[in-house]
4 protein chains.
Amino acid sequence: MGTMIQSGDQVILYHSERMNYLVTVQPKGSFSTHRGQLPFDRIAGREFGDAIRTHLGFLFYLLKPGLADLAMKVKRSTTIVYPKDVGTMLLAAAVFPGARVVETGSGSGALTTILASFVRPDGRVYSYERRPEFSANARANVERYGLASFCEFFVRDPEHEGFEQTDVDAVLLDVPEPWTLVAPAHKALKGGYTLVSIVPTVEQVRRTVSGMEMQGFARIHVKETLEREMLVRTTGIRPADRMVAHTVYTILGNKVNEPGLANVAVPEPADSPRDET
Amino acid sequence: MGTMIQSGDQVILYHSERMNYLVTVQPKGSFSTHRGQLPFDRIAGREFGDAIRTHLGFLFYLLKPGLADLAMKVKRSTTIVYPKDVGTMLLAAAVFPGARVVETGSGSGALTTILASFVRPDGRVYSYERRPEFSANARANVERYGLASFCEFFVRDPEHEGFEQTDVDAVLLDVPEPWTLVAPAHKALKGGYTLVSIVPTVEQVRRTVSGMEMQGFARIHVKETLEREMLVRTTGIRPADRMVAHTVYTILGNKVNEPGLANVAVPEPADSPRDET
Amino acid sequence: MGTMIQSGDQVILYHSERMNYLVTVQPKGSFSTHRGQLPFDRIAGREFGDAIRTHLGFLFYLLKPGLADLAMKVKRSTTIVYPKDVGTMLLAAAVFPGARVVETGSGSGALTTILASFVRPDGRVYSYERRPEFSANARANVERYGLASFCEFFVRDPEHEGFEQTDVDAVLLDVPEPWTLVAPAHKALKGGYTLVSIVPTVEQVRRTVSGMEMQGFARIHVKETLEREMLVRTTGIRPADRMVAHTVYTILGNKVNEPGLANVAVPEPADSPRDET
Amino acid sequence: MGTMIQSGDQVILYHSERMNYLVTVQPKGSFSTHRGQLPFDRIAGREFGDAIRTHLGFLFYLLKPGLADLAMKVKRSTTIVYPKDVGTMLLAAAVFPGARVVETGSGSGALTTILASFVRPDGRVYSYERRPEFSANARANVERYGLASFCEFFVRDPEHEGFEQTDVDAVLLDVPEPWTLVAPAHKALKGGYTLVSIVPTVEQVRRTVSGMEMQGFARIHVKETLEREMLVRTTGIRPADRMVAHTVYTILGNKVNEPGLANVAVPEPADSPRDET
C-alpha cells in the first residue's frame with residue numbers, strides 16, 4: 001500500500017539522470033517532455049513509485065521529491081540556496097519541530113520552505129524581505145508546497161526596523177550585507193543560540209565576522225561545503241567531470257549575553273596542543 | 001529573557017576554538033578543564049549565553065549545542081556519522097516532523113538522535129542493530145538527549161529477519177554491507193521514497209548500487225561531501241591547514257513499485273544535451 | 001629589450017579572461033576574432049608583451065604561452081592531459097634535462113610536448129602509440145612547438161612488442177589498460193625509478209596497482225589533484241562557480257629489482273604511529 | 001643494468017608507507033630506523049631498486065627520490081613549498097632547460113632545487129634572500145643535491161635594491177608582501193612572460209593582484225591546488241581520511257610592456273557567452 005498522488009501534489013517525473021522534472025500535479029492538461037506527453041489525469045490516482053509512459057512509449061517514474069528537490073527547483077528570481085549549505089545550517093543551528101526561526105531575505109522561498117518543513121507543526125518561520133515582489137513570490141512558493149501556515153512574511157528592512165520577534169531559536173541571514181543585521185539578530189536570538197549567515201565573498205566574511213565579534217557572539221567559525229557526484233557506470237566508477245566549485249561561505253556564531261566579556265583576551269598557554277577536530 | 005539551564009541539560013562550555021566541551025549538567029560536582037574547575041551548581045540556574053569563570057579566572061561561555069555537536073561528541077564505540085553527511089541525507093530523504101524512519105545500525109545513536117530530533121513529536125525512528133551492547137549504548141545516548149520517546153530500538157539482524165515496519169518515509173543504512181539490506185529496505189519503504197546508504201569504499205558503492213538497480217530503485221546517485229574551515233585571523237583569511245578528506249559516499253535512490261520496469265533500457269537520443277545541473 | 005615575435009612562434013592573443021587564443025604566427029593572413037581582425041604581419045616583428053589593436057580598435061596583448069597553454073590548447077583527437085596532473089608527474093618522476101623518458105600513448109602530443117620541453121637538450125622522449133593517425137597528429141603538434149628533435153615516435157603496441165629502450169628514467173602510461181604494460185614498463189625502467197600511470201576510473205586504479213604489486217614496484221601510491229580558480233573582482237574575492245571535478249587518478253610506484261621480495265609481508269608493530277605527512 | 005649508488009647520493013630508504021626516509025649516503029656510519037640499522041657501506045655499491053635488510057631482518061628498498069621528495073624533505077627553517085603548487089608554477093611559467101629564473105625568498109632552497117633541476121645545464125636560478133642565514137641554508141641544500149653550479153645566491157632586499165637581472169624568463173615570488181616586489185619583478189621579466197606569486201591569505205591575493213594590475217600585467221589569475229591521496233587496500237579503495245586543506249594561492253600574470261594600456265576598459269558585449277574553460 002502506497003501513497004496516492006493527488007492534484008496539487010509535488011511529483012518528480014523521472015526518466016533518466018538527464019531528464020527529470022519537479023511538477024505540481026494539475027487538475028487537467030498535460031506535462032510536455034522531449035519524450036512525449038504525460039497527461040495529469042494519468043498521474044493523479046497513481047501511487048508514488050509507479051511508472052507511466054508517454055504517448056511515445058517512454059517510461060517516467062513518479063517519485064517523491066525531497067527537500068533538496070524543492071530547494072533546487074523552486075521558481076526563483078534570486079540566487080538559490082544549495083542543499084549542501086542548508087544541511088550545514090540545519091545541523092549547526094537550532095532548527096527543529098517547534099522552533100521559532102527568523103530568516104531574511106525571503107528570496108525565492110526555497111530556504112523558507114525547508115525551514116517550515118522542519119519546524120512543523122508548532123514552530124514558525126518569520127521571513128523578512130525588503131522587496132514586496134520577492135516576498136510575494138516566496139510566499140507563493142511556500143503555499144505551493146503546502147507550508148504557508150507555518151510561516152509569517154514581513155515586507156520590511158530589518159536594518160532600520162529590526163525584527164519583531166525575540167527569544168527565537170535561530171536567525172538565518174541570506175543578504176548581501178549581513179553585518180548590518182548583526183545587531184537586530186543579536187536582539188532577536190535566545191542567549192547561547194546560533195546565528196547563521198551565508199555570503200559568497202571573502203570580504204563579506206570578514207565584515208560579518210568582525211560585526212559578530214563586536215556585537216557579542218562567541219564560537220564564531222566559517223565553513224565552505226563542497227559536493228561531488230560519483231558516476232557509477234558499467235565502464236567504471238569515477239567522479240563527475242564538473243562540479244559546483246563555490247556557492248557560499250557559512251558563518252556561524254553563538255549569541256553571548258554580555259558582549260563586553262567577549263573581548264576579554266584570555267591568552268592561550270604556549271604549549272596548548274592544537275585540537276584539529 | 002533567556003532559557004535557564006537546568007540539571008540534565010546539554011551545554012557547550014566554550015573557552016576558545018581549541019578548548020570547548022559538550023557537557024551534561026550534573027546535580028552536583030564540577031567539570032574540570034585545563035583552565036580550572038567549573039562547578040555544576042554555578043552552571044545550573046544560569047542562562048544560555050551567559051559566561052562563567054573557572055576558579056583560575058578563565059572565561060567559559062554557556063552555549064546551546066546544535067545537532068552537529070551532539071553528533072560529533074556522542075559517547076561512541078563505532079565510527080561517527082559526520083554532520084556534513086547527515087545534512088545530505090536530511091535534504092535528500094523524507095525526514096520531517098511526523099515521519100516514520102527506519103535506520104540501521106544504531107551505532108552510537110548519533111544519527112538516531114538527529115533523526116529523532118526532526119521527526120518529533122508524532123514521528124518515530126525505528127533503529128535496528130545486531131549487537132545488543134551497541135543498541136544499549138545508542139539508546140543511552142538518545143535518552144541523554146531526551147529523545148527516547150521518539151525512538152524504538154530493535155536488536156535484530158535485518159538481513160534475515162527484515163524490518164517490522166512498512167510504508168516508512170525513509171530508510172537509512174549505515175552498515176558495512178548495505179546490499180544485503182536492499183530487499184528489506186525496499187519492502188519497508190513507501191513507493192517513490194528514498195533509501196540512503198553511506199559507505200566508505202568504492203567497492204561498497206558498486207555493490208550497493210547494483211543491488212538497488214536489481215531490487216527496483218530509480219534515480220540512483222552517489223555523492224561525497226567535503227567541508228573546509230576558513231580561518232579569519234587578524235593576519236588574514238585563509239582556509240584551515242588540514243581537513244577531513246573523506247568519511248563516506250552517500251548513495252541515494254527512490255523505490256519504484258514494479259522493479260522489472262526499472263531495467264527497461266530507454267535509449268537517449270544522440271543529440272541529448274548534457275544537463276550538468 | 002624583449003623577444004621579437006617571428007613567423008612560426010606560438011603567441012597568446014589576450015583580450016580578456018574570456019577571449020584569448022593560442023596562435024601560431026603565420027607568414028601572411030589574419031587571425032579573426034569577435035572583436036575584429038589581427039593581421040599576422042602586424043604581430044611578427046613586435047615583442048612579447050606588446051599590445052596591438054584590431055581594425056575595430058580592441059586591444060589584444062601578445063603574451064608568451066606557458067606549457068599549460070600548449071597542453072590545454074593542442075590540436076587534439078583524444079582526451080587531454082591537464083596541467084595539474086602533469087605537475088604531479090613532473091615532481092614525482094625523474095623528468096629533467098637529459099632524461100630519457102618513455103611515454104604511451106602519444107595521444108595528441110600534449111604530454112609529449114611538455115616532456116620534450118623538460119628533457120632538452122640531451123634527453124629524449126620515446127613516444128609509443130598503436131594508432132598511426134594519432135602518432136602522426138602528436139608528431140605534428142610537437143613539430144609545431146619546435147620540439148621534434150627531442151622526440152622519437154613509435155607506432156607500436158607495447159603490450160605485445162614491448163618498449164625498445166632500457167634504463168630509462170621514467171615511464172608514463174596514459175592508456176586505458178595500463179596493467180597490460182606494467183611488465184614492459186618494469187623492463188624499460190631503471191631500478192628504483194618511477195612509473196606513472198593516469199586513469200579516470202577506480203577500477204583501473206585497482207587493476208593497475210595490483211599489476212604493479214605483482215610485477216615488482218614499491219612505494220605505490222595514488223593521488224588526485226583538484227584545481228580551483230579564485231576570482232578577484234572589485235565586488236569581492238571568491239572561488240569560481242564551477243570547476244573541473246575530475247580528470248584522472250595518478251598512480252605512482254618505484255621499480256624494485258627483485259620482485260619476489262616485494263611480497264614479503266613485514267608486519268607493522270601495533271604501536272606504529274600513523275604518519276599523516 | 002642499473003645505477004650504482006655512491007657516497008653523496010640521495011636515496012629514499014623505503015620500508016613502508018609510514019616508514020621511509022630521504023637520506024644522503026655517507027662515507028661511513030649507519031642510518032638508524034625503528035626497524036634496525038642500515039650501514040652506509042652496505043648501501044653504497046648497491047643499485048637503485050635493490051633491497052637491503054636491517055640487522056633485525058627488516059626489508060628496506062633503495063629508491064630514487066623525485067623532486068617532490070627533495071622539496072618535502074629538505075632541511076628547513078621556513079615554510080615548505082608543496083610539490084602540488086610547484087607543479088602549477090612549472091606549467092604556467094617559462095621554466096625550462098636554459099631558462100634564466102629569478103626567485104625570492106630563497107627560503108630553505110626547496111624551490112631553488114627544483115628550479116635548478118629544470119634549467120640545467122645552461123640556465124640559471126638567481127635566488128634572492130634578505131636574511132643571510134636563510135640564504136646560507138638554501139645554498140647548503142642546493143649543494144647537497146649537486147645543483148649549486150646552476151644557482152646564484154644574493155643576500156639582498158629586492159624591494160629597495162631591485163633584481164640585478166633583466167630579460168629573465170620567469171620571476172617567482174614566495175615572500176609575505178609580494179606587492180612590494182611587483183615593480184622590480186616587472187623590470188626583471190621579459191615582456192609577455194609570467195610572474196608567479198604564492199601567498200597563504202586572501203588579503204595577500206588582493207594586494208598582489210592590485211599591484212600587478214597597476215604595474216602592468218595582463219591575464220592575471222589566481223588558483224588553488226588540492227591533492228588527495230587514494231588508499232588502495234584489500235578491504236577497498238577510498239580516499240585518505242585527512243588531507244592538507246590549504247597551502248597557498250598561486251597568482252599568475254604576464255608582463256605587458258606598456259602599463260598604461262592595461263587599464264583601458266574595453267567593454268564586453270552583453271551577450272558575451274561565458275567561457276568556463
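Trainee: Why are S8(D) and S9(D) called paired strands?

Mentor: Two strands pair if DSSP finds at least two bridges between them. Strand S8 (residues 124-129) and strand S9 (residues 151-155) of chain D run parallel and are joined by 5 bridges, so they meet that rule. In one of these bridges, Tyr126(D) has Glu152(D) as its partner. Strands here are DSSP runs of E with at least two residues, and helices are runs of H or I with at least four, numbered from the N terminus. This is a predicted model, where local features need pLDDT of at least 70 and side-chain atom pairs 80 or more, while totals for chains, interfaces and linings use all residues. Residues are numbered from 1 along each chain as its sequence is written, and chains are lettered from A in the order in which they are written.

Trainee: What makes the β-α-β unit of S8(D), helix H5 and S9(D) right-handed or left-handed?

Mentor: With the strands pointing away from the viewer, a clockwise path from the first strand over the helix to the second counts as right-handed. S8(D), helix H5 (residues 132-144) of chain D and S9(D) form a right-handed unit.

Trainee: How many residues does each chain bring to the contact between D and C?

Mentor: Chain D brings 76 residues and chain C brings 76 residues, with contact meaning C-beta atoms, placed from the backbone, within 7 Å. On the chain D side, S12 (residues 217-233) gives the most, with 13 residues.

Notes. Contact = placed C-beta atoms within 7 Å.
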